[in-house]
Amino acid sequence: MYRAGRLISELPVDGSILYNLKRKGYELPTEIQDKTLEAILEGRNLIGLAQTGTGKTGAFLIPLIHNLLKKDASKHVLVVSPTRELALQTDSEFRSIASGLKLYSTCIIGGTSVRRDIENLRRPGHIIIGTPGRLADMVRQGALDLRRFSVLVLDEFDRLLDMGFAPEIERLVGGMSRRNQTVLFSATEDKSQQRIIDGLVENPYVVKVRTGNISAANIEQEIVSVKDGEKKIEVLLEMMRDDSFEKVLVFVDTKRGVSRICRDLRRGGITADEIHGDKSQNYRVKALESFRNRKIKVLVATDVAARGLDISQVSHVINFQQPKDMESYIHRIGRTGRAGASGRAITFVN
């Protein structure tokens, strides 16, 4: 396990930021935070390759907040996130790290009121965090002027491309005529995406804190073979009655399947909720909060939850169906064993 050669309190950033980080319980920077800090502070373009759960959000927020405080608060930051959940988490993290510093953020995501987003964009804001579709919509409506942004952060870039957002990203980048720093983070390295990356990030400082598509070493991985005549839901229910399964994320392939499994768990006396693309943003936020706060034991989800969600102390990830490929598997099980904690990943096979 990586151990930084300096404490959070020794990072070369404003003391108010350090105070907020210590108040959040941070003692040591993660590897990606430790190795990217100075480059981002210096305004360099950066590509960071790191697994999920390694502190990438803090890696770009900490130095960018410092630069807003110390250099030029008029240099606005645009953060593009692949999912609503990740955008909301990034916004929450920004607010906690920048608490009391008179720096303001606006979060722009789909599934919310367009009118409210337009009103929010009229207020002072140093950092705008959003999903590509809603950001592009705000640009089309004249509510978001891309020329005011000098710093662009592309978070979970591989996921952005996987979800088909390349055209929106190219339009956003094309409108940022004053862009002088681009920070790109990705969990995987895909050579087919290199041409797009080269067009976005000129002469980048590159940091790699992982090798290939290898899952976290602190995740215990297990395959459970479901016998002929045995139902997977019965196997799952039996597992959930074990007290060691404290906080469980179950992945199911389809939205209909998610709802069915959630219903069966509830009928079996297990507290559970669900998130997938057909659920409203408010519903998804409430379900995630219930899971975070242990009001429910199980959260059932499609792959919409496989990236970016920072939920601490997930004891188990269960693949009710086998993921379509190794990359999906890596991102699913990356929801457990985060920030150095141990975790278990179980995959059902017929």
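## The main nonpolar core

In this predicted model, the largest nonpolar core contains 38 residues. V13, I17, F60, I65 and V77 are the residues with the most contacts inside this core.

Several helices and strands contribute to the core. At least two core residues come from each of the helices α1 (15-23), α2 (31-41), α3 (56-70) and α4 (84-97). The strands β2 (76-80), β4 (127-130), β5 (149-154) and β6 (181-186) likewise each supply at least two. The greatest contribution is that of α3, which gives seven residues.

## The surroundings of F60

Which residues does F60 contact, once its neighbours within four places in sequence are left aside? The partners of F60 are I40, V79, T90, V153, D155, V183 and F185.

Another core lies apart from the largest one and has 27 residues. Among them are L78, F149, L152 and L161.

## The cavity

A probe the size of a water molecule, rolled over the atoms, shows where empty space remains. In this model there is one cavity of 30 Å³ or more. The largest cavity holds about 30 Å³ of space.

Its lining is formed by L11, P29, Q33, D34, L37, G58, A59, I62 and P63. Both α2 and α3 supply at least two residues of this lining, and α3 gives the most, with four residues.

How many of the lining residues are nonpolar, polar and charged? Six are nonpolar, two are polar and one is charged.

How values were computed. Residues numbered from 1 in each chain as written. Predicted model: local features only at pLDDT ≥ 70, side-chain atom pairs only at ≥ 80, totals over all residues. Heavy atoms only, no water. Core = buried A, V, L, I, M, F, W, Y, C linked by side-chain atoms within 4.5 Å. Buried < 20%, exposed > 50% of the residue type's maximum accessible area, 1.4 Å probe, protein only. Contact = heavy atoms within 4.5 Å. 1 Å grid on protein atoms, 1.4 Å probe; cavity = no way out; pocket = protein on both sides within 12 Å on 5 of 7 lines; lining within 4 Å. Points joined across faces, edges and corners; volume = space filled by probe spheres on them. Nonpolar A, V, L, I, M, F, W, Y, C, P; charged D, E, K, R; others polar.
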